[in-house]
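Dear colleague,

I am passing on the structure that follows, together with notes on what turned up when I went through it. Please read the notes with the coordinates open beside you.

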Amino acid sequence: MTTISRSVKPLIAPGHTACTGCGLLLGARLCLEAAGKEIIVTFATGCLEITTSRYPESAWEVPAIHSLFENSAAVASGIEAALKVLGRSQEAKVIAQGGDGATADIGLQALSGMLERGHDILYICYDNEAYMNTGVQRSSLTPLAARTRTSPIGPSSWGKSAQKKDMPAIAAAHGIPYVAVASVGYPPDLQRKVKKALSISGPKYLQVHIPCPLGWAHDSSLTIKVAQLAVQTALYPLYEMENGAITSVRQVSRRLPVTEYFKHQGRFSHLLRPGAEAEVAKIQAVADANAQKFGYPPIR
Amino acid sequence: MVKSASLEGLRVLEGSRAVAEAVKLCRAQVISAYPITPQTHIVENLAEIVADGELKAEFVNVESEHSAASVVLGASATGARTYTSTSSQGMALMSEVLYNIAGLRLPVVLSCGNRALSAPLNIWNDQQDSIYVRDSGVIQLYAEDNQEAVDMHIQAYKIAEDHRVLLPLMVCIDGFLLTHTFEPVYLPTQGEVDAFLPAYQPLYYLTPQSPLTMGAFAEPDKYMESRYMIHQAMERAKGIIEEVAQEYGRIFGRYQGGLVEEYQVADADVVLMGMGSMVTTMKVAADEMREQGKKVGVLKLRAYRPFPAEAIRRALRPGVKVAVVEKAISLGGLGITTGDLCSAFYNQTYRPYIRGFIAGLGGRDISPTSLKQIVNRMEAEVEGGELEFIGLNRELLEEG
């Protein structure tokens, strides 16, 4: 087993109330610790909020503010503007955080405004691909055919009928200097991207894939493995875009078929039954298109 | 009442410009606004003022009123003095954030250029939009004219930022009737305002030097206490609003009332009660009726939230009849301030005769004639004192 040495004081303290094997709290902790303590963070309503900030307790070791579900980017914009006018910009970097729903659905407008205006803010989307805090409802970042409470499996449903929204491309379309996709399955890569983002002035967008044992119905000991399989099947390629162009792709030595990713997760278990071949083919086609775009090897 | 006799400092300004100048004098540091749904010239003027380097501020052009309120929320939490303004649909969109700002105890100051809510779409003045956020924990003050709007904004920061209060404050100014109307206005000097309103001293703010968490969630065993404390701060604000208005009066020579303003109320048989620009019309109507021997007075609600029940009870003597004129309505219920006024008296040993009149919705004129009509209706007490709409076009209603 690989051990990641921890040389810094945890910036999200132990004692938060997240589930065992939670990819979100791991991802958030890795991001904050890469950023260091000279930061001010916002966080949207959702699991990150509910697990860290039950009054009178707080797991945040950095200045942190939660306002509403959809305004994390706008609140961060106000913080950044205030630091500027008060002559305190050197005091802290500003990081806005939200889940996939807070980012790509209800908060998309506020995020777009923040990116367009050019605030010096790193926006981090923790993507567990559904509304987990409220009991697993589909979001626009839920992948095709995943089962959620609002995209159930039935005689006339294979789960979510729409594709996952390409949120990094939407962020990049704002002409911002840095967009990156990372995963808790690859902590050093994730932390390198946080540090790089914070070294760049202007708006940055980082999307972090974070398995959710509860919502994805996988064993809580498999969080890292499931995250890695998403990358190895080319369903969640990890890359960086600088000024609109892809500048790095995390390569995989061996590409796996998507069914390798499905077999650990209850949300995809219907795809492993006989008769699901056509649905599986649709998702394999998504992975194949990703592989072609990002230069992954063929499946072996 | 304007007491300044000299013409020094007197300028003829559009209401929106006058408010923008007041916000500049208050040295707002982060200003955020969305230009439509709908906006006044206030923020256009402020954008110019910032662009011209006359005010050291960050002007954040956002993509909605929801974000405008969120930006000033974040900026206020970081320790900056903030400002936004909106009206109508924009106020409705902002409402979620306004509740949040109040709950976070952030002294954001905003202006509402009062206008009607859709549907039907109508861009003209009434007060439904600010009434819509009545229960949000935002202090609401209503200006009668543009001079009061200027003075009220300067007082607003002092009230909101007082550590005994720490609540957002909305200055309500009637759309078009004030925001787009040119009036002579005294603007204080920067030195005078700086002396009256020192820099904002936040009690808490976001900084790595002293990390804290804002916006924690509260379970059933904690939530009610938090709401109670906001209510208490509202109650304390009554004293601070009066105190600040009186201090302002001493320094600047203008006192237009604290929580309420009484105009010939003491000996009145009928009192017209209202908020905003209609109060000037009420005063004119009262004067004219007094010339005809009718004892009519006017009670101006300067503060609507917190509701100045005690000040109103002190002002209204037993036997008086009160006609509440409202530019908003709780559809299917009462006139809204009428309900507040009735509640203020229900458990008292005497209750004035109170009736509510809905007037001036969606920009319809409230004239001295229509107010005289109301006073005439009050002379005969109608059983039950039901709500009455003033100036309805019956022909239009019959067309169906």
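Contact here means heavy atoms within 4.5 Å. By that criterion, and bearing in mind that this is a predicted model, the contact between the two chains takes 42 residues from chain A and 39 residues from chain B.

The size of an interface is often given as the accessible area lost when the parts come together. For chain A and chain B the buried area is about 3100 Å², with carbon and sulfur atoms giving 63% of it. On the polar side, there are 16 residue pairs in polar contact between the chains, counting pairs in which both residues have pLDDT 80 or more, and there are 3 salt bridges between chain A and chain B. One of these salt bridges pairs B:Glu58 with A:Lys84, whose closest N and O atoms are 3.8 Å apart. On the side of chain A that touches chain B, at least two residues each are supplied by strand S1 (39–43), H2, S2, helix H3 (72–85) and helix H5 (108–117), and the largest share, 10 residues, comes from H3(A).

The peptide bond from A:Tyr55 to A:Pro56 is cis, with omega near 5°, and A:Pro56 sits in the loop of chain A that runs between helix H2 (47–50) and strand S2 (64–66). In chain B, a cis peptide bond with omega of about 0° joins B:Ser118 and B:Ala119, the latter residue being placed in the loop between strand S5 (109–114) and helix H5 (128–132).

Two residues other than glycine have a positive phi. A:Ala234, with phi of about 70°, belongs to the loop between helix H9 (223–232) and strand S9 (239–242) of chain A, and it counts as buried because its relative accessibility is 0%. B:Ser88, with phi near 50°, is found in helix H4 (residues 88–103) of chain B, and this serine is likewise buried, with a relative accessible area of 4%.

Finally, which residues form a nonpolar patch on the surface? They are B:Leu361, B:Phe389, B:Leu392 and B:Leu397, which together have about 320 Å² of accessible area. Of these, B:Leu361 lies in the loop between strand S15 (353–358) and helix H12 (368–379) of chain B, and it counts as partly exposed because its relative accessibility is 31%, a value that falls between the limits of 20% for buried and 50% for exposed.

With best regards

Notes: Residues numbered from 1 in each chain as written. Chains lettered and ligands numbered in written order. Predicted model: local features only at pLDDT ≥ 70, side-chain atom pairs only at ≥ 80, totals over all residues. Heavy atoms only, no water. Patch = residues over 30% accessible without salt bridge, like charges linked within 9 Å, V, L, I, M, F, W, Y side chains within 5 Å. Areas by Shrake-Rupley, 256 points an atom, 1.4 Å probe, with all protein chains shown as cover. Salt bridge = Lys/Arg side-chain N within 4 Å of Asp/Glu carboxyl O. Helix = DSSP H or I, 4+ residues; strand = E, 2+ residues; numbered from the N terminus. Buried < 20%, exposed > 50% of the residue type's maximum accessible area, 1.4 Å probe, protein only. Buried area = accessible area lost by both parts, 1.4 Å probe. Polar contact = N/O pair within 3.5 Å; in protein donor to acceptor, adjacent residues only side chain to side chain.
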